[in-house]
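Please open the model in your viewer and keep the selection panel at hand. The stops below say what to select next and what is there.

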Amino acid sequence: MESANFPLFTIILMTLNIQKIRADFPILNREVKPGVQLVYLDSTATSQKPLAVIDAMDSYYRNSNANIHRGVHTLAEEATKLYEDAREKIAKFINAPSARQIIYTRNTTESINLIAYTWARANLKAGDLVILTEMEHHSNLVPWHILQAERGIELEFIPVTDNGLLDLDVYKTLLSRSPRLVSFTHMSNVLGTINPAREMIVMAHAVGAITILDAAQSIPHLKVDVQNLGADFVAFSAHKMCGPTGIGALYGRLELLEAMPPFLGGGDMIKEVKLRSFRTNSLPYKFEAGTPAIAEAIGFGAAVDYLNSIGMDNIAEHEHEITEYALERLEEIPGLKLFGPSADKKGGVAAFTLEGIHPHDVAQILDKDGIAVRAGHHCAQPLHEKFGIPATSRASFYLYSTKNEVDMLIQGIYKVKELFA
Amino acid sequence: MDDLYREVIIEHYKNPAYRGKLDPHDITFADNNPLCGDHIQIDLRVGDNNIVTDARFDGHGCAISQASADLLIESIIGKPLDEVKKLNKQDVLDLLGIDLGPVRLKCALLSLKVLKAGVYGLGEASDDLVE
């Protein structure tokens with residue numbers, strides 16, 4: 001159905017067999033209402049899930065459901081193995097030296113909060129400088145606001161330039177003030193900007209700062225090698241990379257994780273408990289209190305397998321092609337303003353405003369044609385304030401997105417304009 | 001094309017009759033919709049017998065939020081405050097003449113929340129006010 005609308009040369013240029021990939025995602029087949037096919041352009045909020053992930057979780061519940069780590073019966077062993085195998089897969093996927101350095105969390109937000117509640121509370125005192133950026137998601141702002149109120153740490157922000165890049169000259173100046181921590185996003189969820197993470201981490205290390213990389217938007221779309229980047233901490237979520245909600249991960253450098261106090265207290269994170277004391281478990285369990293999201297962890301592992309089977313370089317190339325095309329088509333629309341850098345400096349995100357029409361109305365009217373885009377401030381309110389706008393509409397792309405879908409978006413936007421004309 | 005974007009809503013969005021501020025005023029209140037950043041401020045003048053003699057709204061947001069504010073203001077001028085206090089969700093939906101899902105309902109009800117918080121003299125516009 002899809003290819004019928006493609007000119008022949010497009011098919012040849014396509015890096016991926018999109019039809020085959022789309023068949024892996026049952027939801028992409030659904031109609032939003034009778035006769036209106038879903039056009040899902042909201043993968044930056046959450047990706048859709050391939051059958052392999054759904055099946056892995058389903059199979060766990062049907063065949064292997066048991067609590068992990070404690071039981072000696074067959075099911076408990078199977079469940080534990082599936083859960084720990086997934087951790088190994090995730091570690092390999094980001095080239096972590098060992099699976100012990102992968103802490104399961106609920107999501108990127110919890111990963112960042114874990115560092116704020118453990119490492120930061122053990123290491124930061126009043127007056128210590130933490131550098132963030134103006135393009136951060138609320139999840140990399142509010143934990144530091146909370147710590148600032150509690151501890152009196154200082155916060156500074158690397159500004160965003162008009163074309164949506166970080167101002168690295170200001171970053172250099174801020175580094176001269178000896179920050180203790182630099183925490184920033186690898187890829188902006190609004191502008192799509194891919195920040196020069198390696199360079200920024202090297203610069204931070206040169207002044208003795210610890211670094212946190214919010215990789216929620218990068219790991220699903222690019223090959224990320226945590227050792228090559230040299231990051232101290234990397235936070236990410238399964239649900240943006242074809243996995244389930246409710247599970248994410250924190251990667252940390254071994255000596256940092258070893259030295260950190262525990263996060264939540266309870267079962268599984270202890271080696272020994274007395275009435276008045278406890279000893280923490282070894283890594284990674286020290287940070288995983290209570291029965292975890294077992295099925296979700298298994299789904300996370302299946303998502304990694306799935307992405308590997310397609311190839312991260314192929315995915316990145318496909319998304320780049322779609323994004324380049326989308327930006328080109330969007331730019332043609334009178335009254336439409338795009339935010340963020342050019343396609344060569346960004347991932348598959350196109351945030352825009354339409355003159356005189358609120359983004360919510362844009363999204364609502366597009367929905368009538370089955371087109372799912374997001375409207376709002378995308379949990380990056382300060383960034384929108386910087387650009388002097390309350391909200392944007394955002395279309396985002398993933399491995400299953402097609403140029404045909406971009407064309408439908410463009411048609412839809414013209415319809416919106418007509419309605420408000 | 002679309003029930004949600006009936007002509008009356010587009011019309012009130014593009015050419016609101018009651019957009020602005022009142023100075024002086026007897027009651028003023030403002031709040032945001034935290035989900036989308038929509039902002040509404042409402043100013044009221046209240047005359048003898050607690051009758052609303054004039055009212056205006058200001059702010060920014062989607063067509064639904066701005067049109068419902070304009071329609072709401074239009075509907076309360078000349079009414080006693082006691083009646084304004086009794087307005088609820090259904091009254092706003094009747095003014096708009098549409099049915100809304102849970103997300104857009106928040107857009108439509110922001111102005112009523114702000115109005116009632118102001119009239120009751122509350123510090124905060126809570127969702128309970130518009131149930």
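## Two domains of chain A

The centres of domain 1 of chain A and domain 2 of chain A, taken over C-alpha atoms, are separated by 29 Å, with domain bounds that come from an automatic or database domain assignment. To see them, select residues 3-37 + 311-420 of chain A for domain 1 and 53-309 for domain 2. This is a predicted model, in which local features need pLDDT of at least 70 and side-chain atom pairs count only at pLDDT 80 or more, while totals for chains, interfaces and linings use all residues. Residues are numbered from 1 along each chain as its sequence is written, and chains are lettered from A and ligands numbered from 1 in the order in which they are written.

Next, look where the domains meet: 22 residues of domain 1 of chain A are in contact with 22 residues of domain 2 of chain A, contact meaning that the C-beta atoms of two residues, placed from the backbone, lie within 7 Å. On the side of domain 1 of chain A that touches domain 2 of chain A, the elements giving two or more residues are helix 13 (312-331), strand 14 (349-354), helix 15 (381-386) and strand 17 (392-396) of chain A; helices (H or I, at least four residues) and strands (E, at least two) are DSSP runs, numbered from the N terminus. Helix 13 of chain A gives the largest share of that side, five residues.

## Chain A as a whole

Along the principal axes, the C-alpha atoms of chain A fill a box of roughly 70 × 55 × 35 Å. Of the 421 residues of chain A, 50% count as buried, which requires 20 or more other C-beta atoms within 10 Å of a residue's own, with C-beta atoms placed from the backbone. Among contacts in chain A between residues at least 6 apart in sequence, 69% join residues at least 24 apart.

## Chain B

Moving on to chain B, select the 14 residues that are in contact with 14 residues of chain A.

Finally, how do the axes of helix 1 (residues 7-14) and helix 2 (residues 63-76) of chain B cross? They come within 8 Å and cross at roughly 85°, the axes being lines fitted to C-alpha atoms over the stretch in contact, and angles running from 0 to 180 degrees between N-to-C directions. Among the residues that make this contact are B:Ile9 and B:Tyr13 of helix 1 of chain B and B:Ala67 and B:Leu71 of helix 2 of chain B.

Notes: A residue is buried if 20 or more other C-beta atoms lie within 10 Å of its own, exposed if 12 or fewer, and partly exposed in between; C-beta atoms are placed from the backbone.
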